[in-house]
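Please examine the sequence and the model shown here before reading the points below.

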Amino acid sequence: MAGAAGRVVRRWYPHVLRSSLQVPALQLHMSKTAMRASQKDFESALSQVKLLKDPGNEVKLKLYALYKQATEGPCNTPKPGVFDLINKAKWDAWNALGSLPKETARQNYVDLVSGLSSSSDSSSQVKPEADRKQPGYETLVVTSEDSITKIMMNRPAKKNAITTQMYNEIMLALKAASKDDSAITVLTGNGDYYSSGNDLSNFTDIPPEGIEEKAKSSAILLRDFVDCFIDFPKPLIAAVNGPAVGISVTILGLFDTVYASSRATFHTPFSHLGQSPEGCSSYTFPKIMGPAKAAEMLIFGKKLTAAEACAQGLVSEVFPDSTFQKEVWTRLKAYSKLPPNAMRISKQVIRNREKEKLHAINAEESRVLQERWLSDECTNAVMNFLTRKAKL
Ligand SMILES: CCCC/C=C/CC(=O)SCCNC(=O)CCNC(=O)[C@H](O)C(C)(C)COP(=O)(O)OP(=O)(O)OC[C@H]1O[C@@H](n2cnc3c(N)ncnc32)[C@H](O)[C@@H]1OP(=O)(O)O
């Protein structure tokens, strides 16, 4: 089966080998060590092989051929038909061993498994995150490993509040992730918060052209930012490690899966801040949870617990905080081994018909917010936070 290539398959057996439809040339290596593998060594290699990572079709064909040669001797079955590609590949591999003695085949099998075990041990050693970190980001830690690109917001002392720089870096990281060879992309936060939403000090950086110009450029930034999520082509997962506020909550409606720690909360206090919904939440939230529940969040700023958010369909699953990281990453590593093209296409099928609508909604929400940011209600709320008079 073509889809088996590159996956971590812990239970594959040479005698039921599934090979790729594309059969690579076989280059069998004779053992360099003494050819004295005992039956016990051979049996132990047979057990060991089941625990290895999937070594790819070429190696699996070698193992299959050596196994057959070691147990049955030279190839003795009729050649499969030309359209029976998989069985033909297996037959060719076995037949290529000619009259190799059973003992030699057994030794070669043992040697091959032993080589695979040592390389699989060294490749499974976890490198420290600092070594895997992609350079060029100041507000994020971006890593790619195990077919997963992880984008971690990294301003823990500021509860991962999203500055203009962080918006831009998240867009860059998403664009890079959409083109890299990862199968899935994950957004998460460092520290006790997932994110406290828009960094309210963004509003203090007024250009010489004045506050209107600031509102205009912020609306463009918001629109571009949300567009990146609407257009993201691969499965996008949020690992909500703690409380989430504002825009970090609203964009969750554009993710494919949302995992939350039991400590997470979901809060969109737009009215308190003199603002209005963004991130396409004016459309996705009523669709996800129904208009009445969405209104409580988006108009009245009702804060949901993780369990409530899960009951209302915003969150896919809640994990106990103590095991959140372990359980989520184990799950995601398994998902990342699924055939990437199939996942991408399934996402397209699910999302594509909504894309145009979402872009229009994003544009409209950004336009409305641009006006809101110039209102007294908004200015006062931001000033109150920045002068420490108010907190959520
Ligand atoms: C351009 C696109 C615009 C898109 C618009 C989006 C809309 C939104 O996202 S609305 C949501 C805006 N967010 C907030 O209103 C949250 C404000 N923060 C708080 O209310 C509190 O900080 C908290 C409840 C999140 C946490 O309270 P806690 O007592 O635990 O911690 P603090 O001491 O307050 O925070 C530590 C540190 O972090 C700073 N900080 C936290 N959140 C923000 C923020 N959103 N903007 C700016 N700064 C934030 C806080 O001021 C503290 O800083 P200092 O240690 O320097 O005092």
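The points below are grouped by topic, after a note on the basis of the values.

The model is predicted: local features need pLDDT of at least 70, side-chain atom pairs count only at pLDDT 80 or more, and totals for chains, interfaces and linings use all residues. Residues are numbered from 1 along each chain as its sequence is written, and side-chain values use heavy atoms, with hydrogens and water left out.

**Domains**

- The domain assignment, which is automatic or from a database, gives domain 1 (39–116) and domain 2 (140–391).
- The centres of domain 1 and domain 2, taken over C-alpha atoms, are 51 Å apart.

**Helix α1**

- Helix α1 covers residues 39–49, and Phe42, Ala45 and Val49 are buried in it (buried: under 20% relative accessible area, 1.4 Å probe, protein chains only).
- The buried residues of α1 fall within an arc of 60 degrees when seen down the axis, so they line one face of the helix (the arc is that of the directions from the helix axis to the C-beta atoms).
- Helices (H or I, at least four residues) and strands (E, at least two) are DSSP runs, numbered from the N terminus.

**Largest pocket**

- The largest pocket has a volume of about 1,100 Å³ (the space filled by probe spheres set on the points, which are joined across faces, edges and corners).
- A pocket is an open set of points on a 1 Å grid over the protein atoms alone, where a 1.4 Å probe fits, with protein on both sides within 12 Å along at least five of seven lines; lining residues have an atom within 4 Å of a point.
- Of the 45 lining residues, Ser196, Asn198, Asp199, Leu200 and Phe385 are the closest to the centre of the largest pocket.
- Helix α7 gives the most to this lining, with five residues.
- The lining divides into 22 nonpolar, 15 polar and eight charged residues (nonpolar: Ala, Val, Leu, Ile, Met, Phe, Trp, Tyr, Cys and Pro; charged: Asp, Glu, Lys and Arg; polar: the others, Gly among them).

**Aromatic pairs**

- There are eight aromatic pairs (rings of Phe, Tyr and Trp, its six-membered ring, with centres within 6.5 Å; planes over 60 degrees apart count as edge-to-face).
- Tyrosine 167 and phenylalanine 225 form an edge-to-face pair, 4.8 Å centre to centre with 85 degrees between the planes.
- Tyrosine 167 lies in helix α6 and phenylalanine 225 in helix α7, so this pair ties together parts 58 residues apart in sequence.
- Both tyrosine 167 and phenylalanine 225 are buried.
- Ring pairs link Tyr167, Phe225, Phe229 and Phe255 into a cluster.

Note on methods:
Buried < 20%, exposed > 50% of the residue type's maximum accessible area, 1.4 Å probe, protein only. Phe/Tyr/Trp six-rings, centres within 6.5 Å; stacked < 30°, edge-to-face > 60°.
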